[in-house]
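The following paragraphs lead the reader through a single structure, one region at a time. Please keep the sequence and the model in view while reading.

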Amino acid sequence: MKWLFVLIFCSLPLIFFAQSNKPKGFLSGKVTDKISGQVLPGATVYIHELNTGAITNDSGYFKTPQVNAGTYTVEISYQGYAADVEQVKVAADNTMKEFKLSPTYVEQQAVTVTGVSSATSTKRASQPITIVRHDDLVKTTSSNLIDALSKTVPGVSSITTGPAISKPVIRGLSYNRVVVVNDGIRQEGQQWGDEHGIEIDDYSAQRVEVLKGAASLMYGSDAIAGVINIQTQLPAPEGTIRGNIISEYQTNNNLRGLGGNIGGTKNGFHWNGYGSFKGAQDYRNPYDGRVFNSKFYNANFGGMVGITKSWGHSYLLVSNFNQHVGMVEGERDSATGAFIKADASGSSSTATEEDFKKIAPEVPYQHVQHFKVISDNTFNLGSSRLDAVFGFQRNQRREFGNAENTAIPDAYFDLKTVNYSLDFHFPYKGNFKTSAGISGMYQNNQNKAEEVLIPNYDLLDIGGFIYTQYTQGKLSFNAGARFDNRHLQSKAMTVDNVQKFTAFSKNFSNLSASAGISYQASDKITLKANIAKGFRAPNMAELASNGAHEGTLRYEVGSPSLKSENSYEVDGGMEINTEHVSFSASLFYNYIHHFIFYRRVQNATGSDSLLYDNETNEYLQVFRFAQQTAYLYGGELHVDIHPHPLDWLHFENTFTYVRAQFTQAIDGSINVPFIPAARYLSELRGNFLSKGKSLKNVYVMVDADYTFKQSHPFTGYNTETSTGDYLLFNAGIGADIARNGKTLFTIALAGNNLGNLAYQNHLNRLKYLDINNVTGRQGVYEMGRNFSIKVNVPLNFKM
């Protein structure tokens, strides 16, 4: 609790320190259609550095709250128009400016805060960044947030363990190599676990930024694959109350969900609150029927209070994620092929129809709770700015596997994390925008149950960086460097009167650096290139594991001598946006020194080392974490054709490819494990009635989603097998229902896997479960045909 009191103290706005004699002013003006000159009422004008803005009135005029005089990144957005991003110099008193927006059928730019020290246009960012908005998520059928991103962001896929658990994969890398940021702090759970998700409520996500490529400069260790930045609690514009109510139903597993979000701002005072529930029964497919224990349910809530004034802002955010999720074991009756469940009597029986209909999972299952409180502060110091963000997280993961006693968890990880960052933004100096800062975290992990896989430990991270961006006309150049130190203290532990873990301490020091360029060759063409050196310190599972990893049939042993992974990545890209064609291409090469993986241990006679597991009554092969040099290359290609005069028609095509190899073969295999297969997505979509009265923004779409055969698996130690190709057909239709020009609600209907195809994705861990003796098929297959309906009700009021 002492950390919580420290955090609350830090959240108090340091008003006397932050006040300055800097002149203050307003930004005002109007927003119009560039072609017709008509005013655009309801357009949003947002100053990203200050988290404040305004909405245009019925005459198209706006006026922001009072701000310190200075230069800011201003984003102007309006549905059906290309967002405008400009650097605006706000002088004392009142600065008048007219923004002219162009109608568009493709979003061409936005503002990003991921991987850079302060807000900048995505066109000026040197690394590929994709932004997914709440409206995009409403149109996507998924069972969790990472599942949705894997369907909408090229280069992103997921390692899944059933419908509720998805680990993000960016350009072939996952686990601790991807950093997930939520409302300004990095999400810290137990990312090393195969069956551990991200613990963030998907209904609460208002905006997601996905950065692909090494990004350790801003985030320290990890992030050598990229960053997923999820924003859930954004302040409403001044003088408004905004929110939404969303409901969802899916036919395959009877998933039902309900979420609500509401927030307002008056005289600079902000408040926000959200809550959600989602539950699902066991899903089905043509081969397995109902997949026993793929059920889950979530119940989550969060809120924010804060204030924004000319001195800066101070927010206090709280969230709580609470999930119960079943773990699919895939055991079947040898005679009938029916799924088997464990009984409270200690015996087993076949699962019945009543068992499939429940949303409360059977053993084995997980109960995951993630509590988080964040203090987000900005202080305007003359022409400079100080950002101070502090966070406290507690991740509790209980794993239940004993049907005879479901009150006591078999495993219980309790991870507490304190995050901190202090970023100082220097005044604009000519064309340079420079920042420097420190950031890091403190962690404490405790085991509170009988089964122990990793020891209790303390971790202390601290790092400092400097970053600068130079902008001159169409050219943007950025460069930076960072130094980090991580101290790990592993604690000795005795289990059943036997010392299972010995104490040790480790220090990892690393230097990161990056440099990139973005050049707008014309209004239509942007060229990008970036080079970066990132790193990832070994996690505690890799350093000190000593136990059976359930679901993998492995006994894992850590290696305290492991070194940090060092990533050297080069990527380049091109974006072409014309009136009727949008094209983007990104290529990358990532060379990773000391890549960490696991290899089988041999005994003194040269045979496989085996250990007897009392829990499963089986002998398990012993694996130890080791290191090898690896390299990955590939890219993403996207083409959107919307031909004149059929501007309402979109023909989108996306292709992604990753190839990953070791420099030396491991047990006869040169391929890196868990690499997604190449994928091609072709979508035909029509957008209609953008200015309709009762029916607006109608869309109709069909797509063909083809995943290629993964013929390059990591076959060492019988880890993976090849996975066949498959083609899925999907369709969707939706519209805004309006009255008097205002949207009453949005409805989105979708059908996924319309052909009810039985298939297995290479990154689905259920692929390697037991063989069905009746059919001869190994593992469990993906979800079959699924229809969904979503209804989203926007809430907009003036105060």
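Strand E2 (residues 44-47) and strand E3 pair in the antiparallel sense over 4 bridges. Strands (E, at least two residues) and helices (H or I, at least four) are DSSP runs, numbered from the N terminus, and two strands pair if DSSP finds at least two bridges between them. Within this pairing, Val45 has Ala54 of E3 as its bridge partner. The two strands belong to an open sheet of 4 strands in the order E3-E2-E6-E7, with antiparallel pairing. Strand E3 (52-55) and strand E7 (84-90) stand at the edges with a single partner strand each, so one side of each has no neighbour in the sheet. From one strand to the next, the twist averages 25 degrees; for such angles, axes are lines fitted to C-alpha atoms, for helices over the stretch in contact, and values run from 0 to 180 degrees between N-to-C directions.

This is a predicted model, in which local features need pLDDT of at least 70 and side-chain atom pairs count only at pLDDT 80 or more, while totals for chains, interfaces and linings use all residues. Residues are numbered from 1 along each chain as its sequence is written, and side-chain values use heavy atoms, with hydrogens and water left out.

A second open sheet has 5 strands in the order E11-E16-E17-E14-E15, and its pairing is mixed. Here strand E11 (129-133) and strand E15 (185-186) are at the edges; each has a single partner strand, so one side of each is left without a neighbour in the sheet. Helix H4 (residues 145-152) packs on this sheet and touches E11, strand E16 (207-212) and strand E17 (226-231). The direction of H4 makes about 120 degrees with that of E17. Strands E14 and E15 pair in the antiparallel sense over 2 bridges, and Val181 has Arg186 in E15 as its bridge partner.

Ile246 has its bridge partner in E19, namely Gly259. Strand E18 also pairs with strand E49 (residues 786-798), again in the antiparallel sense and over 11 bridges. In that pairing, the bridge partner of Asn244 is Pro794 of E49.

Attention now turns to charged side chains. The model contains 32 salt bridges, where a salt bridge is a side-chain nitrogen of Lys or Arg within 4 Å of a carboxyl oxygen of Asp or Glu. One of them joins Arg171 and Glu569, at 3.4 Å from N to O. Arg171 lies in the loop between strand E13 (166-170) and strand E14 (178-182), whereas Glu569 lies in strand E39 (residues 565-577), so the pair ties together parts that are 398 residues apart in sequence. Arg171 is buried, with a relative accessible area of 4%, and Glu569 is buried at 3%. Buried means under 20% relative accessible area, exposed over 50%, and partly exposed in between (1.4 Å probe, protein chains only). Arg171 and Glu569 are also part of a network of salt bridges that links them with Lys212 and Glu636.

Another salt bridge joins Lys491 and Asp458 (3.2 Å, N to O). Lys491 is in the loop between strand E32 (475-490) and strand E33 (493-495), Asp458 is in strand E31 (residues 457-472), and the two are 33 residues apart. Lys491 is partly exposed, with a relative accessible area of 33%, whereas Asp458, at 18%, counts as buried. Strands E31 and E32 also contribute Asp461 and Arg486 respectively, 25 residues apart. The side chains of Asp461 and Arg486 form a salt bridge of 2.7 Å, N to O, and both residues are buried.

Asn395 is buried, with a relative accessible area of 0%. Its side chain makes a polar contact of 2.9 Å with the side chain of His370, and another of 3.4 Å joins the side chains of Asn395 and Glu199. A polar contact is a pair of N or O atoms within 3.5 Å; within protein, one must be able to donate a hydrogen and the other to accept it, and residues adjacent in sequence count only if both atoms are side-chain atoms. Leaving aside neighbours within four places in sequence, the residues in contact (heavy atoms within 4.5 Å) with Asn395 include Glu188, Gln190, Val368 and Phe413.
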